[in-house]
Amino acid sequence: WYAAAFMLRNLLVSLVPAIPSSVMQIGTMFSILLATLCVVIHYRPWRISLANSLDAFINAAMLMVVCMSGMFVEEVNEEVVGIFCVIVLSILSVLIPVAIVYGIAQKLSHRKNRPFSLFLCHHKAGCGSMARLLKMILAGEKIVKKKVFLDSADLTDLGKLFDYVGSQSDALVLMCSADILKRPWCMGELVTAKRRNVPVTS
């Protein structure tokens, strides 16, 4: 869906020069880039975290360029500029506190909202059947109040595998079969858990 949103943004940007007023051009471009920045920060549409950060940085940099371009507008309608400034300041005065409160709330409730209690990191050839048996046993334990993640049963999108480790599981269980350290996906899961401060047990 983000590809369609990205193309729509580019279409709107290409239509900005058709606006007769320079001030309105800057205001429209500012609104488009600000909306794009909010979408990227909230939805994080890219699979790689660095790509989301880079996209947000580029949008923020373009916003700064658009803001600075206002200094070079020769014909200025003071009434239009005043209205635009009031609107922007009003929006920012509401959005900034809301964003701070929302971020704090998300941080505090993040671990509670994770759907999986445990993530079973295993090498299929070495202990695939054991992992399946362990999932069934843990599912019947009262101490395990949430689901246990097993890729063969719960994974629907391979691109989100590491997200299941870092964002959707309370802890990672490393099943130490002979070749576990030779499997790149298993090592990726383990590194993700370490980087995202997800507890690891074996």
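Helices (H or I, at least four residues) and strands (E, at least two) are DSSP runs, numbered from the N terminus. The structure above is a predicted model, in which local features need pLDDT of at least 70, side-chain atom pairs count only at pLDDT 80 or more, and totals for chains, interfaces and linings use all residues. Residues are numbered from 1 along each chain as its sequence is written, and side-chain values use heavy atoms, with hydrogens and water left out.

**Exercise 1.** Find what follows helix 8, and say whether asparagine 197 is buried or exposed.

*Solution.* Start with helix 8 itself, residues 184–195: its 12 residues reach 16 Å from the first C-alpha to the last, close to the 16 Å expected at 1.5 Å a residue. The expected span is 1.5 Å times one less than the number of residues.

Next, step just past the helix, where asparagine 197 takes a positive phi of about 60 degrees. Asparagine 197 sits in the loop between helix 8 and strand 4.

**Exercise 2.** Work out how helix 2 and helix 3 run relative to each other, and describe the loop residue arginine 44.

*Solution.* Take the axes first: those of helix 2 (residues 22–43) and helix 3 (residues 49–69) come within 9 Å and cross at roughly 160 degrees. That makes helix 2 roughly antiparallel to helix 3. Angles under 35 degrees count as roughly parallel, over 145 as roughly antiparallel, 65 to 115 as roughly perpendicular and the rest as oblique. Axes are lines fitted to C-alpha atoms, for helices over the stretch in contact (heavy atoms within 4.5 Å), and angles run from 0 to 180 degrees between N-to-C directions.

Now turn to the loop between helix 2 and helix 3, which holds arginine 44. Its phi is near 45 degrees, a positive value in a residue other than glycine. Arginine 44 is partly exposed, with a relative accessible area of 41%.

**Exercise 3.** Locate the bend in helix 5, then list its buried residues and what covers them.

*Solution.* Helix 5 bends by about 30 degrees at methionine 130; the bend is the angle between axes fitted to the seven residues ending there and the seven starting there. Then pick out Cys127, Ala131, Lys135 and Leu138, which are buried in helix 5. Last, their cover includes strand 1 (116–121), strand 2 (147–149) and helix 6 (151–154).

Notes. Buried < 20%, exposed > 50% of the residue type's maximum accessible area, 1.4 Å probe, protein only.
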